[in-house]
Amino acid sequence: MTEPDNSSTPLLQVRDLVKSFPVGSSRRGGQVQAVAGVSFDLQRGETLSLVGESGCGKSTTARCVVRILDPSSGTVRFDGTDLGNLDAGGLRSMRSRFQMVFQDPQASLNPRMTVGDILNEPLEIHGVDRAEASERINELLSLVQLRPSDLDRYPHQFSGGQRQRIGIVRALVLRPEMIALDEPVSALDVSIQAEIIRLLEQLRDQFGLAYLFIAHDLSVVRHLSDHVAVMYLGKFVETGTNEQIYESTAHPYTQALLAAAPIPDPQVERSRTRIVLVGEPPSPINPPSGCRFRTRCWKAEARCAEEEPQLADPGIGHLVACHFPEVSNVILHRSTNYREAIT
Amino acid sequence: MRDALLTLKGLSVEFAVSTGSVHAVRGVDLDVQRGEVVGIVGESGSGKSATMLALLGLLAPNAVVGGSARFDGSEIIGATGSHLRSLRGGKIGMIFQDPMTSLNPVLTIGHQIAEAIEVHQPTMRPKRVMARVQELLEMVSIPHASERMRSHPHELSGGMRQRVMIAMAVANEPELIIADEPTTALDVTIQAQILEVLADLRQRTNTAMVIITHDLGVVAGVADRVNVMYGGRVVERGNVDDLFYSGEHPYTNGLLACLPRLDRRGQSIEPIGGAPPVLDVLPTGCSFAPRCGAAQPECNASDPVLRRVGATEVACHFAPDAARVSRKVTV
């Protein structure tokens, strides 16, 4: 569930997460809020996707969750424990339960270490004995279709898809309950991408993993997610189940994203709803007053500039932050024409 | 059929490398009619970009280009530098994936577009050139064009830089635009804007376009005809609908089956399996055979050539049966 709910203990509970970075010279002391207050829950075995365009804060959110970055404010609870209250040792031992896979396997695997060393390192840090370590590694290698002899090779000797499988094994050797996946298939060719998606599904089912999936490809997200949260300029604009987001889309930004994502089907492409947004996302250093999306929104009225819409359920069964939400299935709808002049 | 605007015959590209040579393009036949949009799709290393760079004379010096490319009636492979320079940015406009590396970072965008005009129309008066620059920027919907002319590339967003590239590409009213992954580096809402700018331009000027992309969704939306490349060859070509709905090559069908779709949930996606060929070892047979569910011994013995099967032209020994067999294998 992405809806904040305090009755059960979710595996991951994020509340009012904010991450600011300093910008410009220290004298002027500007701040940019990359993540401007997001809250969500992730249950065991579930996949929640954070989607949005470059700079919306989705990767920063994931990095704050796994504590590669320290949040500026807000709480992240993993299995009930507030990660902000842990000391370095406590955080390290907790980290075995949540891991991360990065977009670019080339950049996230040390080129001077063999695959064996790369995979052993987390196990050594967490004090897993050698026999157990090698058993785990070999079991996982065969699951991702790499050979034991690959352990003596270096990352550059593998293809992009193989390298991503190594990154996935590294995340799995500690037997985590949750993995944050930051654009894990974006750098791969489509035929290889399908392999990695299938592998992620298989591993999720086999180990009961929860995924926090960061992606910009809405087709991949549709395929993999149980729940989806759409981000714009550091905030959630709409959250819901896969069906709610893709079939009962209520936020104009979500509608525009879905309408813009190409579908490999010429007849569908010719007949589907077009929504071409005006302009580009404004700078997060100086976000618009009121609704952050209003500068590109075809529905914007005076109220949108004055009053920030809260993420709430307007009676549609899921949460949307818009003063004028209207449920629509933009993927299937034909002939509606929202085409906007670009000013 | 009228004379094609562009005709490639047996185009090949070899790169000399320390270990021998890499055959990036191995005999590509392709034609572009006036006013149409031709898509070239394929994965990394399929030769789709090298094909177009070869005919523009833009490959690195270690490239050996063979075969023929006729543009508007004259041969351009082996043409003189000055002939190629007059074509590039003149009758042939180019748009590349990354506008940041294609634009000069130390010159204003107005200066760069003006330069593109002056090279091809040296007699145009400076005032007229600047008016034309502004008109071009307005045509690609850059707001406040007269001020934006004075901006440097780093002051613009990726989407705006790509608009500048498009303005430069059409500055001299080309007959053909070659767009190499023009929207790959952009976010999806900006991609939609750029595709719309290109569609508007084409509607206005009826310019032919070759769009090179790995994105079958983009091709489905913009192309009239599509060429699928694999291992340096065109393995299937046809009208966009025929290719998507009655494609016969196992690779074409494999590509479509491995894509998750926005409009479908719970579909199973089928990886092709294996890896694309390494092009420094020239395969004797069909380069897709090692990954093909329908491969027979003959596939490793001789390389199939394009022939008409049903609605499309296919380079496969066993089309149309192979498509059926490979579909069965992957189900």
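The structure is a predicted model, in which local features need a pLDDT of at least 70 and side-chain atom pairs count only at pLDDT 80 or more, whereas totals for chains, interfaces and linings use all residues. Residues are numbered from 1 along each chain as its sequence is written, while chains are lettered from A and ligands numbered from 1 in the order in which they are written.

A:Glu132 belongs to helix H5 of chain A; helices (H or I, at least four residues) and strands (E, at least two) are DSSP runs, numbered from the N terminus. Between the C-alpha atoms of A:Glu132 and A:Val18 the distance is 39 Å, with 114 residues separating the two in sequence. A:Val144 is placed in the loop between helix H5 (130-143) and helix H6 (160-172) of chain A. A:Val144 is partly exposed because it has 18 C-beta neighbours inside 10 Å. Leaving aside residues up to four places away in sequence, A:Val144 touches A:Arg165, A:Ile168, A:Val169 and A:Leu199, a contact being two residues whose C-beta atoms, placed from the backbone, lie within 7 Å. From A:Leu83, 61 residues away along the chain, A:Val144 is separated by 31 Å between C-alpha atoms.

Chain A as a whole contains twelve helices and eleven strands. Along the principal axes, the C-alpha atoms of chain A fill a box of roughly 65 × 50 × 45 Å. Buried residues make up 48% of the 343 in chain A. Of the contacts in chain A with a separation of 6 or more, 69% are between residues 24 or more positions apart.

Four strands of chain A form an open antiparallel sheet in the order E2-E1-E4-E5, where two strands pair if DSSP finds at least two bridges between them. Strand E2 (30-42) and strand E5 (81-82) of chain A are the edge strands, each pairing on one side only. Strand E1 (residues 12-23) of chain A runs antiparallel to E2(A) and is joined to it by ten bridges; A:Lys19 has A:Val35 in E2(A) as its bridge partner. Helix H1 (residues 58-65) of chain A lies across E1, E2 and strand E4 (73-78) of chain A, at about 115° to E1(A). Axes are lines fitted to C-alpha atoms, for helices over the stretch in contact, and angles run from 0 to 180 degrees between N-to-C directions.

In chain B, eight strands form an open sheet of mixed pairing, in the order E6-E7-E8-E3-E9-E10-E12-E11. The edge strands of this sheet are strand E6 (92-95) and strand E11 (307-309) of chain B, and the twist averages 20° from one strand to the next. E11(B) pairs with strand E12 (residues 312-314) of chain B in the antiparallel sense over three bridges, with B:Val309 opposite B:Thr312 in E12(B). Helix H7 (residues 158-169) of chain B lies across E6 and E7 of chain B, at about 170° to E6(B).

Between the chains, 39 residues of chain B are in contact with 37 residues of chain A. The elements of chain B that give two or more residues to its side of this contact are helix H8 (188-205), helix H9 (216-222), helix H10 (240-246) and helix H11 (250-257). H8(B) gives the most, with seven residues. The side of chain B that touches chain A divides into 19 nonpolar, eleven polar and nine charged residues; Ala, Val, Leu, Ile, Met, Phe, Trp, Tyr, Cys and Pro count as nonpolar, Asp, Glu, Lys and Arg as charged, and the others, Gly among them, as polar. In chain A, nine of the nine residues of helix H10 (residues 252-260) are buried. Their cover includes helix H8 (218-224), strand E9 (227-232), strand E10 (235-241) and helix H9 (242-247) of chain A, together with H8 of chain B.

The predictor gives the complex an ipTM of 0.90 and a pTM of 0.92. Chain B averages a pLDDT of 92, and 97% of its residues score at least 70; pLDDT is the predictor's confidence in each residue, from 0 to 100. Within chain B, confidence is highest in strand E3 (residues 37-41), at 98, and lowest in helix H13 (residues 321-330), at a mean of 61. Where pLDDT is low, the predicted coordinates should not be read in detail.

Technical notes:
A residue is buried if 20 or more other C-beta atoms lie within 10 Å of its own, exposed if 12 or fewer, and partly exposed in between; C-beta atoms are placed from the backbone.
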